[in-house]
Amino acid sequence: MSFVTGLMLIDAPASALNNLGSIPGARTDNTVGVKLIRAKDGAYPYVSAQAFRYWLRTTLENTELAWQAAPIYREKKVAYTDANPILWWDDDLFGYMRAPSKRTAAVKAREADESRANETPTTDTITRVSPFRVSTLVSIAPVNITEDFGTMSRHEGDPVPHEHQFYRTTLKGLFSLDLHASGTFSYRDKTGYRNLDEVRTELADEKGLEHLEEDKSYRLPLDERVRRVSALFEGLAHLEGGAKQTLHYTDVAPALVILAVTKGGNHIFGHVVGATGRGLPQPKQEALEEALTVFADDILSDVYVGWTQGYLDDERTRFEAALGEGGLLAEFAEQIKISHPREAFKALVADLKKAENASWLD
């Protein structure tokens, strides 16, 4: 099986991208804190994987990528998507869990809701493990959290004080996409593997999906699978989102990204970017050289490096020098392709669409 394996850095110069709500005991009643990991060496701000996936879903829905987002349904304290990966691209690539209540009241409520007229009927519990995986985005080094004090004073009477926390750092995250699982749907009666119930298997037959009887699964046509995967990475290239954008306006599109198509799901780039003693991001050439050497047989594509000009320029100069004659990475100079992050994602998408690379999705 093949995976798209990637690492990304998000530059957060003065940001509060994922918040935890009010802080009990703060000097103002409405002090908003940021999410952070407290360790012995300090505080590491982070963005949860759930928040990141929300940013990406929203970006995909609001771009011109023809992304097919599943409708969402609500039953009291439960919400879920249509859970039909044959029709909906996010159900395919982001996974789902659908366990319909069989209580009489719940069934009648669903039947009476006109907004659910086009809902895919669900006869049994179905789940799908997300082919797209993402880590928590964590600061590369501990930082001092800043507390900003402000007031609402555009009215008569005493001003209303408020505070919020923010930080300056670089967030590092990992992502992976299982290319084999993308567009392939199992009906095995096993927890996490039963993507399709009887209704959905009948739909798969109606639409002419390839039936992989030995694996007990159905597969979309190759061009449709490539279309969905390509849209996902184009969305990553245009990523938008994050809290406190009115006050901090942080560009969350990756400032640096390293990715490749690999044979296994283990992340080969997880340790190739660290931090200096000053807490600044630093690509580790030795770690990258080791990864490319040890996993040489597992890397199926070029290594796409997207690096924004103006971000860590001195490190980029060092990196490019290492690719030159006599440099530490010289033997990989033909394999490593440096461009802007958007161009790096485009290069990956272009290679995914080539007929000679169809085996990547097997």
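Biologist: How exposed is Glu-289?

Modeller: Glu-289 is partly exposed, because its relative accessible area is 21% and the cut-off for buried is under 20%. Keep in mind that the model is predicted.

Biologist: Where does Glu-289 sit?

Modeller: In helix α7, which covers residues 285–294.

Biologist: And what does Glu-289 touch, leaving aside neighbours within four places in sequence?

Modeller: Leu-328, Leu-329, Glu-331 and Phe-332. Val-272 and Glu-289 are 17 residues apart along the chain, and their C-alpha atoms are separated by 9.0 Å.

Biologist: Switching to Arg-57. Which helix is Arg-57 found in?

Modeller: Helix α1. Not counting residues up to four places away in sequence, Arg-57 touches Asp-90, Phe-94 and Gly-95.

Biologist: How far is Arg-57 from Leu-236, in sequence and in space?

Modeller: They are 179 residues apart in sequence. C-alpha to C-alpha, the distance is 9.6 Å.

Biologist: What about α1 itself, how many residues and what reach?

Modeller: It has 14 residues. From first C-alpha to last, α1 reaches 20 Å, close to the 20 Å expected at 1.5 Å a residue.

Biologist: Which residues of α1 are buried?

Modeller: Ala-51, Phe-52, Arg-53, Trp-55, Leu-56, Thr-59 and Leu-60.

Biologist: What covers the buried residues of α1?

Modeller: Both strands and helices. The cover includes strands β1 (3–15), β5 (42–47), β10 (132–134) and β11 (137–139). It also includes helices α2 (89–94) and α5 (222–237).

Biologist: Now α9. What are its length and reach?

Modeller: Helix α9 runs over residues 341–352, 12 residues in total. It reaches 17 Å from its first C-alpha to its last, close to the expected 16 Å.

Biologist: Which residues of α9 are buried?

Modeller: Pro-341, Ala-344, Phe-345, Leu-348, Val-349, Asp-351 and Leu-352. Looking down the axis of α9, these buried residues fall within an arc of 165 degrees, so they line one face of the helix.

Biologist: Backbone check. Which residue other than glycine has a phi near 60 degrees?

Modeller: Ala-66, and that phi is positive. Ala-66 lies in the loop between α1 (49–62) and β6 (72–75). Lys-216 is another case: its phi is positive, about 55 degrees, although it is not a glycine.

Biologist: Where is Lys-216 found?

Modeller: In the loop between β15 (210–212) and β16 (217–219). Lys-216 counts as partly exposed, at 44% relative accessibility.

Biologist: Zoom out. How many helices and strands in the protein chain?

Modeller: Nine helices and 21 strands. The C-alpha trace spans about 70 × 60 × 35 Å along its principal axes.

Biologist: What percentage of the residues count as buried?

Modeller: The figure is 49% of the 362 residues.

Biologist: And what share of the contacts with a separation of 6 or more comes from residues 24 or more positions apart?

Modeller: In the protein chain, that share is 74%.

Biologist: Last one, charges. How many positive and negative side chains?

Modeller: The protein chain has 41 positive and 53 negative. The centres of the two sets lie 6 Å apart.

Terms used. Residues are numbered from 1 along each chain as its sequence is written. This is a predicted model: local features need pLDDT of at least 70, side-chain atom pairs count only at pLDDT 80 or more; totals for chains, interfaces and linings use all residues. Side-chain values use heavy atoms; hydrogens and water are left out. Helices (H or I, at least four residues) and strands (E, at least two) are DSSP runs, numbered from the N terminus. The expected span of a helix is 1.5 Å times one less than its number of residues. Buried means under 20% relative accessible area, exposed over 50%, partly exposed in between (1.4 Å probe, protein chains only). The arc is that of the directions from the helix axis to the C-beta atoms. Contact means heavy atoms within 4.5 Å. Lys and Arg count as positive and Asp and Glu as negative; His and the chain ends are not counted. The place of a charge is taken as NZ of Lys, CZ of Arg, CG of Asp or CD of Glu.
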